[in-house]
Amino acid sequence: MNVQLIITIAVIVGMIIGFMSGKFKLGLVAMSATTLLCLTGVLTFNEAYAYFSNSNIVMLGAIFILSGALSKTSLVLKLREWVLRHSGKGQMIILVYLVICAVMTNLSSPLAILSLLLPFMTALEDNESIKPSHILYPGAVVAHACQGALPIGTFFLMINALLEGNGAAPDQMLGVLDYAKVIFIPGAISVLYMAFIGWKMFPATSIDGSHMGGGKQQAEVLNPTQEKIVYFLFILTFGGILVKQYLPFDMTAFTVAVDLILLYLGILDMNDVKNYINLDALFMMVGVMPLGTAMQKTGAGDLVADFIMGLLGGDPSPLAILIAFYVAAALLTQFMSNTATANIFSALAIVTAISRGLDPRPFAIAIYAGATAAMLSPMSSPSVAIAFAAGRYKITDVLKSCIPLWIVYGAAVIFMANLFYPL
C-alpha cells in the first residue's frame, strides 16, 4: 500500500468523522479534505480546485439565487392561504397539508416549509379530531421524502456534479426529468402512507411553539410586476434546462444571465445573492468532488469497491450492491447530516459502479434519495429535530409510524431506479 493511497483513505475517513461530528460546517470539512490532498501531493492544484468552474456547480449556485428570488414572491404564502381556506375538516386536512408539503419542498427547504405553515397548526387547534401533533412530524417526513420529486429543483445538478467528479461518462449525466421520474412514485407513496396510515400513530398533544423559532414570515417585498418577471424567468430557466441540447447557447451561462437580469431590475441585490447562494452547500460539493479523482489516482476507489464486494461475498449481483449501498446510506443518514451522507455514499457508490463496468446513475439516484429521506431519528435533519421537539413525541411514536414507510420507500426507490436504469 503506497503512501498516497494511505493519505487518501485517511483523509476520507477524517472527512466522514468531521461530517458526523456536527461541530463544523460541511463546506469547511470538505474543503479541508481537498486542500490536505493538494498539500500532500495526492492532487495537483488544478485537480483539487478545478470544480470551482464546473458547469454543474456554477448552475447550481445560479439556481440557488433564482430560487431565492422566488421565495421573495407571494407564491408560497398564497399556497399556505389556499390550504387554510380549502382544506376542510378531518382526513382532507391531512391529505391537503401533506400534498402542499410535497410540492413546496421542491421550491424551498423542509425547514422553511415547517416555518411557513405554522399558521396551519394554529388553525387546527380547534379541530376535534385532527391535532397539530398528528401532522407536524408527518409533514417533515414527507418534505424530505419528496425532495426532487418534481423537475423544478437542483437535485439532478448535485448528482451530475458527483457523477462528473467521480469519472462518469458524459452520456451518463442526468437531465432535469431523470431524478424526478425515479423519485415521484416513492414520494407519492410517502404522502399517501402518512395521510391515511402514519399520522394515526402519533399522539394527539399540544405542540410546543417555543421549539419552532425561525417561523417568522418573510414580508412580501416584490410588486405584482416584479413577481411576474420572477415567475417567467423561473419557468423559462427550467424549460431551457429541459431542452438544453436543442438550444444554440449554454444553459449554465443563461442561468447566470437570469440572475444578472434580476439584479439589474432591482428584484435582487448583492445582499440577496450572498444570502441565497448557499456557499456551505457549494463548498461541500466542490470539496467532495475531487475525492473521486484522488480515489482513481491512488487506487483507493478499487480498494473500497473490493472491500464492499468482500463484505457481500464472492461476486454479488449489481442489484445486491445497490441494495447494500442504499441500506447503509439510508440508515446512517438517520444519525448524521443527510446532505453529508448523500454526498459521501453517492460518491463511493459511483466509484464502485464504474470500477465494475456498471451504469452509475441508478446508484447515485437511489442512494441520494435514501440518504435525504430523513424520518427515523431527530438527529437526521434540523427540520425533523424541530418537529420532534415541538410535537413532544417519543421515539417509539416515530419508529412505530415511520419504519414501515422507510422500508416501503426504500423498496420503491430501488425498484424505480432499476426500472429506468436496468442493472
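Biologist: Asp272 and Lys72, buried or exposed?

Modeller: Asp272 is buried, and Lys72 is buried too. Buried means under 20% relative accessible area, exposed means over 50%, and partly exposed lies in between, with a 1.4 Å probe and protein chains only. This is a predicted model, where local features need pLDDT of at least 70, side-chain atom pairs count only at pLDDT 80 or more, and totals for chains, interfaces and linings use all residues. Residues are numbered from 1 along each chain as its sequence is written, and side-chain values use heavy atoms, with hydrogens and water left out.

Biologist: What does Asp272 form with Lys72?

Modeller: A salt bridge, with the closest N and O atoms 3.0 Å apart. The term means a side-chain nitrogen of Lys or Arg within 4 Å of a carboxyl oxygen of Asp or Glu.

Biologist: Where in the chain are the two residues?

Modeller: Asp272 is in helix H14 (residues 270–276), and Lys72 is in the loop between helix H4 (55–71) and helix H5 (75–86). They are 200 residues apart, so the pair links distant parts of the chain. Helices (H or I, at least four residues) and strands (E, at least two) are DSSP runs, numbered from the N terminus.

Biologist: How many salt bridges does the structure hold?

Modeller: There are 4. Among them is Lys181 with Asp178, at 3.2 Å from N to O. Both sit in helix H11 (residues 178–196), 3 residues apart, which means about one helical turn between them.

Biologist: And how accessible is Lys181?

Modeller: Lys181 is partly exposed at 32% relative accessible area, whereas Asp178 is buried at 15%.

Biologist: Which residue does Arg361 pair with?

Modeller: Asp359, in a salt bridge with the closest N and O atoms 2.8 Å apart. Arg361 is buried at 17% relative accessibility, and Asp359 is buried at 18%.
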